[in-house]
Amino acid sequence: MIVSLCSKLFDYEGDFLLDVDMSTSDLSHLSRRVSRTAALNGEALIVDNGYSASDATFILEVRQVDLNLRAQLATLITRHSYLTLSCAVGLFLGVVEYVDESRGFKLKFLVKAQVNE
């Protein structure tokens, strides 16, 4: 799957189309803010605070990252705090929390908001 990762602020070198391996990536964003507490009567108290796209965390494993692309992505991530991520499930504003290069190039993207709602 091709995803777009761009700086929020204008940057000539701040936009990328990345080939993401969906077998090892996670673009799930549907979850609710729910907590459950056991009660003495054997039931549970469930508090449902609804849905927010800002609870999503995306894991993206990028295929075929050469040294040049790695350097460009590292510059993007260190230079810009907010990035936009466009993929099949929507357009999101967020930040990259970390990059894992132990086996390829995997990044963790924390969603601040869904832009296309």
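The chain has one helix and eight strands, where helices (H or I, at least four residues) and strands (E, at least two) are DSSP runs numbered from the N terminus. This is a predicted model, in which local features need pLDDT of at least 70, side-chain atom pairs count only at pLDDT 80 or more, and totals for chains, interfaces and linings use all residues. Residues are numbered from 1 along each chain as its sequence is written, and side-chain values use heavy atoms, leaving out hydrogens and water.

**Exercise 1.** Work out in which order the strands of the open sheet lie.

*Step 1.* Look for pairs: two strands pair if DSSP finds at least two bridges between them. For instance, β6 (residues 83–87) and β7 (residues 90–100) share five bridges in the antiparallel sense, with S86 facing its bridge partner L91 in β7.

*Step 2.* Link up the pairs. The six strands run β2-β1-β6-β7-β8-β5, with antiparallel pairing.

*Step 3.* Check the ends: β2 (15–19) and β5 (57–62) are the edge strands, each pairing on one side only.

**Exercise 2.** Find the residues with the most contacts inside the largest nonpolar core.

*Step 1.* Collect buried (under 20% relative accessible area, 1.4 Å probe, protein chains only) Ala, Val, Leu, Ile, Met, Phe, Trp, Tyr and Cys residues joined through side-chain atoms within 4.5 Å. The largest such core has 24 residues.

*Step 2.* Pick out the best connected: L5, L18, F58 and F109.

Conventions. Buried means under 20% relative accessible area, exposed over 50%, partly exposed in between (1.4 Å probe, protein chains only).
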